[in-house]
Amino acid sequence: MRKGGQYLQHARAENEPPPRPMHRKAQHRGLVRMTSAGAMPPSPPDRSVSRDSQDSMEDYWSEMRNIEENCQGGQEEMIEKGSIDEAELEEAWLHEAGLSTLVSGPLTDSPTEALLSTLTRSQAAMVKKRLDNYTQTLRTRNKQPIRHVRDVFSTADTSSAEPTPSVSPNGTIAPKLPHWTPPKVRKSCTAFTPVESSMSESQSETHILSFEVPYSEAVTVHRKGHDRLDCQRIWKGDKDLPAFQIVKTKQGLTRVQDLSSEDIKKIGYICLIELTTFYDALGIELKRNREVRSKVRETGIFGVPLTTLLENDQKKFPGSKVPLVFKKLLSKLEQTGLQTEGILRVPGSASRVKHLRQELEAKFYDDSFDWEQVRQNDAAGLLKMFIRELPYPLLTLQHLPAFTAAQNITSHKHQLQALHLLILLLPEANRDTLKALLEFLRKVVAYEEKNRMSLWNVSMIVAPNLFTFRGKKAKQEEMQGAADAAHLVRLLIVHQDILWTVPCFLISHVRKMNEASMSKKTPSSEKTKRKLLRRRNADREKERSEVTDLREGVIRVQAPLHAKISMAIQLDSKTKARDVMARFDFENGQASRNSSRKQKRFLFEVGGNIGERCLDPDTHLLEVYRVNPHCEWVLKSRTT
């Protein structure tokens, strides 16, 4: 009996759809029985939907066979067998959440205290739970923890008159948790759908996403049975996916690339705590893979960590965010493959792909590789090979179980929120590479009439490359979750614009952390205090000399690259960032017209309780002024 890869290769030569082996339908029926109940609809779908679903499942298993056939072998096992030290996992969680000093450093560390002071009650309870579990695990191993959980939460707010936390009969601590009141969503907010119109028109249900309240705070509504959708209806067509609208606040939308690296790092801390709290509220166990160090390649293309690839690329092209070979493969496919029937699904010749891989390894960085010899299907094969041969998964080893666990969430809205937090948790290199991939996949789907690759087809092909980690053989439960994994990829493709938007509740956390950190940095001596006070008064006098009528709501915008480098602006409730940008363009109109290379500039909020934030043109500046009155306003070009 021929293998599936041989059938596909023969079909490619005849320019016809690949024939199906006679045993595939029976195999599919067997797989349906194997598949968990959650992966199947409660009632049989209609004939056309069933046929499409069966074809897509065959795409999935065909892709799995291609992966096995093309596996190079000899790759080191990335996940150690046997039991995983629970204390070690909890310590790793605390470290990634920015709370490592709770188990290894001084309690008075201001970043940790600042982070703890911003948490909601639910988030603080989750931190306490993880720290308490870490403490209890050490005790069962007859080891003395560095600090008891009581010490952390009883000293987090020494000014309070509340009693010391009590000890429950089972030995756990009931900590004194911070009080946090979520802000009310403004009724005057506008909403918009960031998904491309070609996709949003086909979606039948629309739901509102608010970014002002932490996702974990709103889970109680879901637990009561409201706002619930059946996520297991994934065998229906792509037209039945719900659409989501973002509540756009007056402080404007913020993309990941709009924030400084330091602020993004702090958002990562909050995201991990919020994700863990969110999953706990949904009743889903959040497992975590143990991070294992292994020897990896330092040079070459395939099987090299993303960070190493970028370091090598940046020596030649400073500022590179996505591996150059990955960008080149995507570019090749966009130029010649978007309208190719069966692109991504029909594999290239295995021998030719292997030869191209060897040539890429030897010639890519010498600029001697001939891209004209690469056919569309070969480029697709190389692209998928690059993803699955990364020594660490694109979705990261530690968070891959959390992505998989999102398949068990029974609400589309909460699934999207879980993916949102997970995307923001990814390291920058992984996040940027995934973004480039999803943008390409959206283009493939846009040409469905030409390439016969629907959103569901594309998702089924991509899912095993993202969710089946090649450091170990696919587990049975991973294979049973084929349809669920493809559904998550479908959500990633359709709602990718939402996923790279930073919720304002996370930015609020960062502002509070920065304010708490600044309040800790008080001068130790009276002499230093007086010196700083005189300097601040001198700065204020200088500002008054520059702006004769510096009233409440008057800001000074610095524009070092404009002819008019500074301008005082009186804010009102209608002043937006785009108004300031337009005013500078008008004032410097003659200089702009004389410039042969005019580069667009944006208004930035710099300093105060934020590192740096590029403002959405629709941002109401008076709202930003009120939450960050001590920031500087700078008009400049984006660095990315």
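These legends go with several close-up views of one predicted model.

**View 1. The whole protein, before zooming in.**
This is a predicted model, so local features need pLDDT of at least 70 and side-chain atom pairs count only at pLDDT 80 or more, while totals for chains, interfaces and linings use all residues. Residues are numbered from 1 along each chain as its sequence is written, and side-chain values use heavy atoms, with hydrogens and water left out. The protein has 28 helices and ten strands, taken as DSSP runs numbered from the N terminus (H or I, at least four residues, for helices; E, at least two, for strands). Of its 640 residues, 51% count as buried, meaning under 20% relative accessible area with a 1.4 Å probe, protein chains only. Take the contacts (heavy atoms within 4.5 Å) between residues at least 6 apart in sequence: 78% of them join residues at least 24 apart.

**View 2. Helix H13 against helix H15.**
H13 (residues 324-336) and H15 (residues 376-388) pack at an angle of about 150°, and their axes are 9 Å apart. Axes here are lines fitted to C-alpha atoms over the stretch in contact, and angles run from 0 to 180 degrees between N-to-C directions. The two helices are therefore roughly antiparallel, the label for angles over 145 degrees. Their crossing is left-handed, that is, the near helix is turned anticlockwise from the far one by less than a right angle. On the H13 side, look for Val325, Phe326, Leu329, Leu330, Lys332, Leu333 and Thr336; these meet Gln376, Ala379, Ala380, Leu382, Leu383, Phe386 and Ile387 in H15. Sorted by class, that makes eleven nonpolar, two polar and one charged residues (Ala, Val, Leu, Ile, Met, Phe, Trp, Tyr, Cys and Pro are nonpolar; Asp, Glu, Lys and Arg are charged; the others, Gly among them, are polar).

**View 3. Helix H14 against helix H15.**
H14 (residues 350-363) packs with H15 at an angle of about 65°, with the axes 10 Å apart. This crossing is right-handed. Arg352, Val353, Leu356, Arg357 and Leu360 of H14 make the contact with Asp378, Leu382 and Met385 of H15. The class count is five nonpolar, no polar and three charged residues.

**View 4. Isoleucine 409 in its loop.**
Isoleucine 409 sits in the loop between helix H16 (400-405) and helix H17 (412-425). Its relative accessible area is 2%, so isoleucine 409 is buried. Glycine 283 is 126 residues away from isoleucine 409 in sequence, but 9.3 Å away in space, C-alpha to C-alpha.

Definitions and conventions. Angles under 35 degrees count as roughly parallel, over 145 as roughly antiparallel, 65 to 115 as roughly perpendicular and the rest as oblique. Buried means under 20% relative accessible area, exposed over 50%, partly exposed in between (1.4 Å probe, protein chains only).
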